[in-house]
Amino acid sequence: MDRFIEVDGVSLKNYVLDYNVICCKLRNSRVKSKQLGIMEFLMSMYDLDVLFIKNGPLGDIKGLVSFFIKKQNWDKAVSRLSYIGYFDEFYELDFDITTPINKTNLKTINPLVWKGLKFSLKNLYIQSQELYETQSPHNRPFKIVSQDGNEKEIIGYRGDGSELGRRALPVEDARCLVNLSMPFQEKKVIEPFAGGGGIVYMYKYINPNIDITSIDIDSTLKPGLEYYGSKHIVGDASEVHLTDSYDAIVTEVPFSQNATEKIVKAMKNIYPNLNDKGIIVLMCGEKQSEQIIKYFANELNSNMIFSKKLNRKGTDVVVQIWTKNFELQKELNQTVEVVSRTF
Ligand SMILES: C[S@@+](CC[C@H](N)C(=O)[O-])C[C@H]1O[C@@H](n2cnc3c(N)ncnc32)[C@H](O)[C@@H]1O
C-alpha cells in the first residue's frame, strides 16, 4: 500500500469522510530535514493507516507537512505525537464549519480553503520544551565506571571527547532513528555502538515494552546502559557472539573513517541475527556512507529503503534505512520516491 496521496477537489471530499488531516511543523533545528521528518512520521505510524499528502494545504507555511490519519486510529496516533523527533507542533483541520477561523499562532496569507473545502485550523498538540530538556544528553543522568573502579552517577555525560568516544546524539535524532525502525511493530532490538545510550534511552521512552540489547567496546558505559534499561554486552560489535534474533538494528555508528571497516564487520556479524522482516536504521558520517551502502547492497544483499543526508550542527551525517524484507522495500518504494522529491 502506498503511504502517500495526491488529492483533487473530488477525492478530498471522500477522504475527509474517513480520515482526519493533521498538519505537522518541523522543529527549528530540523527545518531543512523535511524528507526525514516525513519518513519518521510514516514509519512511527506504520500500523495506523497514515498517508503523506503530497499536495497538502497551507503550502506557504515553512516546514509544514500534512498527513491523513484514519479516523478510527486518530486517538492512537495523537498519543504518539510526544515521541516524534523532527516535528514538534501539530495542528488539525476542521472541515465541519461554516466560517473558517485560524485558531492557532500559525501565520498564513492563504484563505482557509483547500481544493474548494473550507476549514478551520486548530491546535492539536505542542511538544513540551521541558521534556525535551530533561531528555537531552546534557541534562539526563547516566552512570559510568569511574577511574577508581566505582560506579558513579553523572549528569550530562557526553563522552570522553576522543575521536571514537564522542557521545551526544540530540534528542530529535535519537527519537527519529527509533521511530524509523517502526517501534510499535517490534519486540526485540539491538544497538551495537550504544555509547551514552541516546537510542536505548529513547526506545524506553517511546515503547518501554521493547526488549533492547546494547553493545559497546568501552566497559565504563555498562552501568549507564543497564540503568537505561538495556541488556548490555561489553565487547567489540564485530566479534560478540549473539544467539538471539532481533527485529531491528538501530545505531549511531562512530563517525571516524578509521572505524568504517569495523562498522561493516559488526554489521556482517549481527546481520544473521536480524529476523527475516528485520530493519536496520543507522546514522553514519557522510564520508562513511558510500562504503556502508556498497557493503549492505553487495555483500549482505540487503534492501535499501531510504538514505538521506543531514547537517547536524556543522557535521554532515547520513541516515540510512535497510531491511531484509524485500516486500517492505517494494511496498515503500513509490512512497520513498515521492518523499525524496518533496522540498
Ligand atoms: C557515536 S558513539 C554512539 C553514541 C550514542 N548513539 C549516544 O547517543 O550516546 C559510538 C560508540 O561506539 C563505540 N565503539 C567504537 N568501536 C566499537 C566496536 N568495535 N564495538 C562496539 N562499540 C564500539 C564507542 O565506544 C562509542 O561509545
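## Overall fold

Among contacts between residues at least 6 apart in sequence, 69% join residues at least 24 apart in the chain. The model behind this figure is predicted.

The secondary structure comes to 10 helices and 17 strands. The radius of gyration is 21 Å, close to the 20 Å that the globule rule gives for 343 residues, so the chain is as compact as a globular protein of that length. Along the principal axes, the C-alpha atoms fill a box of roughly 70 × 40 × 35 Å. Of the 343 residues, 43% count as buried.

On one side, 21 residues of domain 1 take part; they are in contact with 22 residues of domain 2. Helix H2 gives the largest share of the domain 1 side, with 7 residues. By class, that side of domain 1 has 10 nonpolar, 6 polar and 5 charged residues.

## Ser44

Ser44 is found in helix H2, which covers residues 34–44. H2 is also the element that supplies the largest share of the domain 1 side touching domain 2. Is Ser44 buried or exposed? Ser44 has 28 C-beta neighbours inside 10 Å. The cut-off for a buried residue is 20 or more, so Ser44 counts as buried.

Which residues does Ser44 touch, leaving out those up to four places away in sequence? They are Arg80, Tyr83, Ile84, Asn179 and Pro183.

Val178 gives another view across the sequence. Ser44 and Val178 are 134 residues apart in sequence. In space, their C-alpha atoms are 8.4 Å apart.

## Ligand shell

The ligand is surrounded by 22 residues. The closest are Leu169, Phe193, Gly195, Gly196 and Gly198.

Two elements, helix H6 (198–206) and strand E12 (211–216), each supply at least two residues of the shell. By class, the shell divides into 9 nonpolar, 6 polar and 7 charged residues.

Note on methods. Residues numbered from 1 in each chain as written. Predicted model: local features only at pLDDT ≥ 70, side-chain atom pairs only at ≥ 80, totals over all residues. Near = placed C-beta within 6 Å. Helix = DSSP H or I, 4+ residues; strand = E, 2+ residues; numbered from the N terminus. Nonpolar A, V, L, I, M, F, W, Y, C, P; charged D, E, K, R; others polar. Rg over C-alpha atoms; globule rule 2.2 N^0.38 Å. Buried ≥ 20, exposed ≤ 12 C-beta atoms within 10 Å, placed from the backbone. Contact = placed C-beta atoms within 7 Å.
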